[in-house]
Amino acid sequence: MSSSAADRYAQLLGIEVAGHGGGRAQSRAQVTADHLNPHGTTHGAFVFALVGTAVAAAANDDEHTGVASAIHIDYLRPTRIGDVLSAQASIGERLPKEDIFVIRVTDGDDRAIARATARFTRRVRAAG
């Protein structure tokens, strides 16, 4: 899978990758009725998917392929239908064989919705 390969799961959820490269990426989506939990707020699994999409795009590029070994997320504020959420992922630490990413999820007013960290094993992409 190259960095330009389509993420069909993200597409199903309405998540777009707005940019990626150099160990950074951003994903964004507008919350719809399909993304709500029984309380009428955005489902935590949807926010987690937004985080996962951003960090996967950041970890996979033309040079490297990354495989997740851990993601930790803290939910900070609820969101609702119509809110536009954005997840920005960047490398916080580069270790010999792993990258530790920091991901910040915000709403349209740049308020923090969630923060996450993710650990990815980094491999050199095979030629071909």
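These legends describe close-up views of a predicted model of the protein.

**Figure 1. Overall fold of the predicted model.** The protein has two helices and six strands, and from the N terminus on these elements run α-β-β-α-β-β-β-β. Taken along the principal axes, the box filled by the C-alpha atoms is roughly 45 × 25 × 25 Å. The radius of gyration is 14 Å, which agrees with the value near 14 Å for a compact globule of 128 residues. Of the 128 residues, 38% count as buried. The protein exposes about 7,300 Å², and carbon and sulfur atoms supply 50% of that area. Among contacts between residues at least 6 apart in sequence, 61% join residues at least 24 apart.

Figure 2. Strand 1 covers residues 16-21 and pairs with strand 2 in the antiparallel sense, over five bridges. Glutamate 16 stands opposite arginine 28, and valine 17 has serine 27 as its bridge partner. Two residues lie between the strands of the hairpin, and glycine 22 takes a positive phi near 65 degrees there.

Figure 3. Strand 2, residues 24-30, has a covered face made up of Ala25, Ser27 and Ala29. Its uncovered face holds Arg24, Gln26, Arg28 and Gln30. Strand 2 also pairs with strand 4 (residues 84-94), again in the antiparallel sense, over seven bridges. In this pairing alanine 29 stands opposite leucine 85 of strand 4.

**Figure 4. Surroundings of arginine 24.** Arginine 24 belongs to strand 2. This residue has a relative accessible area of 52% and is therefore exposed, the cut-off being over 50%. Not counting residues up to four places away in sequence, arginine 24 touches Gly19, Ala58, Ala89 and Ser90. Arginine 24 and glutamine 88 are 64 residues apart along the chain, and their C-alpha atoms are separated by 7.5 Å.

Figure 5. Helix 2 runs over residues 44-59 and has 16 residues. From its first C-alpha to its last, helix 2 reaches 22 Å, close to the 22 Å expected at 1.5 Å a residue. An α-helix has 3.6 residues a turn, so residues three or four places apart point the same way. The buried residues of helix 2 are Phe46, Val47, Ala49, Leu50, Val51, Thr53, Ala54, Val55, Ala57, Ala58 and Ala59.

**Figure 6. The largest nonpolar core.** In soluble globular proteins, nonpolar side chains tend to be buried together. The largest nonpolar core here has 28 residues, and Ile15, Phe101, Ile103 and Val105 are those with the most contacts inside it. Two or more residues of this core come from each of helix 1 (8-13), strand 2, helix 2, strand 4, strand 5 (98-106) and strand 6 (112-124). Helix 2 gives the largest share of this core, 10 residues.

**Figure 7. Contacts of isoleucine 103.** Isoleucine 103 is one of the residues with the most contacts inside the largest nonpolar core. Leaving aside neighbours within four places in sequence, isoleucine 103 is in contact with Val51, Val55, Ala87, Gln88 and Ala89, and also with Ala114, Arg115, Ala116, Thr117 and Ala118.

**Figure 8. Glycine 66 in strand 3.** Glycine 66 lies in strand 3, which covers residues 64-75. Its relative accessible area is 13%, so glycine 66 is buried, the cut-off being under 20%. Leaving aside its neighbours within four places in sequence, glycine 66 is in contact with Ala59, Asn60, Phe120 and Thr121. The C-alpha atoms of glycine 66 and arginine 123 are separated by 6.3 Å, with the two residues 57 apart along the chain.

**Figure 9. The loop between strand 5 and strand 6.** Aspartate 110 is placed in this loop, between strand 5 and strand 6. Phi of aspartate 110 is near 60 degrees, a positive value in a residue other than glycine.

Note on methods: Residues numbered from 1 in each chain as written. Predicted model: local features only at pLDDT ≥ 70, side-chain atom pairs only at ≥ 80, totals over all residues. Heavy atoms only, no water. Buried < 20%, exposed > 50% of the residue type's maximum accessible area, 1.4 Å probe, protein only. Helix = DSSP H or I, 4+ residues; strand = E, 2+ residues; numbered from the N terminus. Pairing = 2+ DSSP bridges. Expected span 1.5 Å × (residues − 1). Rg over C-alpha atoms; globule rule 2.2 N^0.38 Å. Contact = heavy atoms within 4.5 Å. Areas by Shrake-Rupley, 256 points an atom, 1.4 Å probe, with all protein chains shown as cover. Core = buried A, V, L, I, M, F, W, Y, C linked by side-chain atoms within 4.5 Å.
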